[in-house]
Amino acid sequence: MSGVQWNRLTAAELRALTARDAVVLLPIGATEQHGPHLPTGVDDFLAAEVCRRAAVLAAEHIGVVVTPSVPTGLSEHHMAFGGTLTLSLPTLHAPLRDICRSVIRVGFSRILIVNGHGGNMTALNALTTELTAELSTPIAFASYFGAGREVVRDTLETQDGLMHA
């Protein structure tokens, strides 16, 4: 097997992963300003990299594959700062719904949407509830930054002014 990234695997390798009941990770981020020191794709880059690294570690034990990331999310609250791309709620839901449908049609049955942007959380909660019922397949989401909540809290307590990015 050549890796864990969907778009670097062959169709045969993906079929082999469906036979192993592999978990599919679908990263989603945002494209928005992050101050003068970071590129606008930080949320997308981090979500995709967290998925890739987690998949490499988990692949020793279970089948895991990572889809290409969805780089744009709900960022209306960042528009005034410049450099931001945002989607409407229906526009965000449409590609995620279609990607999940495609993943299921290929033969996978477990999907975890991995979020890298706080502004997507409410939308993803609603979408995964709808999709689980609509597609009769468990689809969940998690924000990667939630897993390290205690470390982030401790860091914020020791750093003055450390906030978004």
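**Figure 1. Contacts around Phe108 in the predicted model.** In this predicted model, Phe108 touches Trp6, Leu14, Leu17, Thr18, Ala22, Val24, Val65 and Val103, when residues up to four places away in sequence are not counted. With a relative accessibility of 3%, Phe108 counts as buried, because buried is used here for values under 20%. Trp6, one of the residues that Phe108 touches, has a relative accessibility of 18% and therefore also counts as buried.

**Figure 2. Two aromatic pairs.** Two aromatic pairs are present in the structure. Trp6 and Phe108 make up a tilted pair, in which the ring centres are 5.4 Å apart and the planes stand at 45° to each other. Because Trp6 belongs to the segment before helix 1 while Phe108 belongs to the loop between helix 3 and strand 3, this pair ties together parts of the chain that are 102 residues apart in sequence. Tyr144 and Phe145 form an edge-to-face pair, with 5.5 Å from centre to centre and 75° between the planes. Tyr144 is partly exposed, with a relative accessible area of 24%, and Phe145 is likewise partly exposed, with a value of 30%.

**Figure 3. The nonpolar cores.** The largest nonpolar core contains 24 residues, and the ones with the most contacts inside it are Val65, Leu96, Cys100, Phe108 and Ile113. At least two residues of this core come from each of helix 1 (11–19), strand 1, helix 3 (89–106), strand 3 (110–115) and helix 4. Helix 4 makes the largest contribution to this core, with five residues. Apart from it there is a second, separate core of eight residues, which includes Val4, Ala55, Val64 and Val66.

**Figure 4. Helix 3 and its buried face.** The buried residues of helix 3 are Leu92, His93, Leu96, Arg97, Cys100 and Val103. When helix 3 is seen down its axis, these buried residues fall within an arc of 125°, so they line one face of the helix. Just after helix 3 comes Gly107, which takes a positive phi of about 125°.

**Figure 5. Glu32, a buried residue in a loop.** Glu32 lies in the loop that runs between strand 1 (23–28) and helix 2 (42–58). Is Glu32 buried or exposed? Its relative accessible area is 0%, and Glu32 is therefore buried. The side chain of Glu32 is joined to the side chain of Ser75 by a polar contact of 2.9 Å. Glu32 and His77 are 45 residues apart in sequence, while in space their C-alpha atoms are 9.6 Å apart.

**Figure 6. Thr132 in helix 4.** Thr132 is part of helix 4, which covers residues 121–135. This residue is partly exposed, with a relative accessible area of 30%. Leaving aside residues up to four places away in sequence, Thr132 touches Thr137, Pro138 and Ile139. The C-alpha atoms of Thr132 and Ile111 are separated by 9.8 Å, although these residues are 21 places apart along the chain.

Figure 7. Asp21 is found in the loop between helix 1 and strand 1, and its phi is near 55°, a positive value in a residue other than glycine. At 36% relative accessibility, Asp21 counts as partly exposed. Ser136 is located in the loop between helix 4 and strand 4, and its phi is positive as well, at about 50°, although Ser136 is not a glycine. With a relative accessibility of 68%, Ser136 counts as exposed, because that word is used for values over 50%.

Conventions
Residues numbered from 1 in each chain as written. Predicted model: local features only at pLDDT ≥ 70, side-chain atom pairs only at ≥ 80, totals over all residues. Heavy atoms only, no water. Helix = DSSP H or I, 4+ residues; strand = E, 2+ residues; numbered from the N terminus. Buried < 20%, exposed > 50% of the residue type's maximum accessible area, 1.4 Å probe, protein only. Polar contact = N/O pair within 3.5 Å; in protein donor to acceptor, adjacent residues only side chain to side chain. Contact = heavy atoms within 4.5 Å. Core = buried A, V, L, I, M, F, W, Y, C linked by side-chain atoms within 4.5 Å. Arc of directions from axis to C-beta. Phe/Tyr/Trp six-rings, centres within 6.5 Å; stacked < 30°, edge-to-face > 60°.
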